[in-house]
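Q: I'm new to this one and would like to learn how to read it. Could you walk me through it, feature by feature?

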Amino acid sequence: ERRRERSIQFEVEVFSGLPQEILFKILTFLDASSLFCISHVSKLFHKLANDDVLWQKIYMSEFGSHMWKPKSDVAAVKRDLVEVDQTVNNWKKMYFRTVTGPKMNTWLKELKDISPYNGLPILTEWVLRNLNVSWELTVCDNQGQESTLVQSEAHFFDSSLIVCWSSSNFPNYRHVSNIQLHGTFFSPLLPGWRSLILKLDMTTQHGRLMGRDPLIRLMLLLPGVIIGIWRVNIEVAFVIISLHFHKLVEKSLLGTPGCCIMSLTLQDVFERPLWCVSTPICIRMENRRWSSCYSGEHFLMDYNNPDGQVKMTLVWLEEQQQFFLITLSISISVVKEDC
């Protein structure tokens, strides 16, 4: 196994030494699944494999001339393509959305039936099992070494799920820097698809002792995360995480919280750029509804820095399959200078 790892590392180093133009040309011969896999090899391949030109070629070759659209949607499709050309890496997102769209729409319909007893979707467990969703645990130590473990066991209850991981490859508890939980599901077109559910920073989290026996100590971190530690050598024996059913399907497939890119140019009275921002921001679901005019789920986007603040409230329109802006609030510092 170590020889194989050294061989793979040597091959990566050899390819990385080639000019980027040649590497880019080589990547043009790969399909979507291969391109997605190679993007995880190194930072260089991640950069090259996420180039929008590559994904535009793949998207247009697979869907550009074969997707039927109603006449009423032609203008909307053209607008989408214009927006894609103006935003970096949107062709990749558009490809994934097109590939996973039918399957996503199927499970969304299955989650519409709500239990009158707990207010949760009745078929949550059925959807998770039907999509072959599983959960992976990634443990990173202080040296930056990562170990990814597939679940050992998963137990379903009426409104929650318990997932367990046990392995001899866990590092010493004191050497763990962070723990990540990803939801995964099998797709031949998207191998290696992972959705981040939570990331636990062990450098700031101090576990609380909740039980012990002659062999194991149990540490509680965050609500629902239990780590079993061998008392002899302080190494991690197992990890148990409890997941509530609320939005569990969405978190396991789509990640939490959502992230998008906000590009904002605020002009002064002379139409000169006054405040310019381009940054990733989180989008999170709101429990309360800001407008009674829309029945869809409401979301909040909030950005704040010393120069100003942006708040947006959006509603998801199910029929149109898009977000609609309800409120927009922009505040800037009174001492803000020109860009």
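A: Let's start with strand E5: nine of its nine residues are buried, so E5 is largely enclosed by the rest of the structure. Buried means under 20% relative accessible area, exposed means over 50%, and partly exposed lies in between (1.4 Å probe, protein chains only). Strands (E, at least two residues) and helices (H or I, at least four) are DSSP runs numbered from the N terminus. This is a predicted model, where local features need pLDDT of at least 70, side-chain atom pairs count only at pLDDT 80 or more, and totals for chains, interfaces and linings use all residues. Residues are numbered from 1 along each chain as its sequence is written, and side-chain values use heavy atoms, with hydrogens and water left out.

Q: Which strands pair with E5?

A: Two strands pair if DSSP finds at least two bridges between them. Here, strand E1 (residues 134–141) runs antiparallel to E5, joined by eight bridges, and Asp 141 sits opposite Val 176. Strand E6 (residues 194–201) is also antiparallel to E5, with seven bridges; there Ile 179 faces Leu 200.

Q: What about strand E4: is it mostly covered or open?

A: Mostly covered, with five of the seven residues of E4 (160–166) buried. E4 makes a hairpin with E3, with three residues between them, and the two pair antiparallel over four bridges. E4 also pairs with E10 in the antiparallel sense, over seven bridges, where Ser 166 stands opposite Phe 238.

Q: Where is the salt bridge?

A: A salt bridge is a side-chain nitrogen of Lys or Arg within 4 Å of a carboxyl oxygen of Asp or Glu. The search finds one, between Arg 129 and Glu 125 (2.9 Å, N to O). They are four residues apart in helix H8 (residues 124–130), so about one helical turn separates them.
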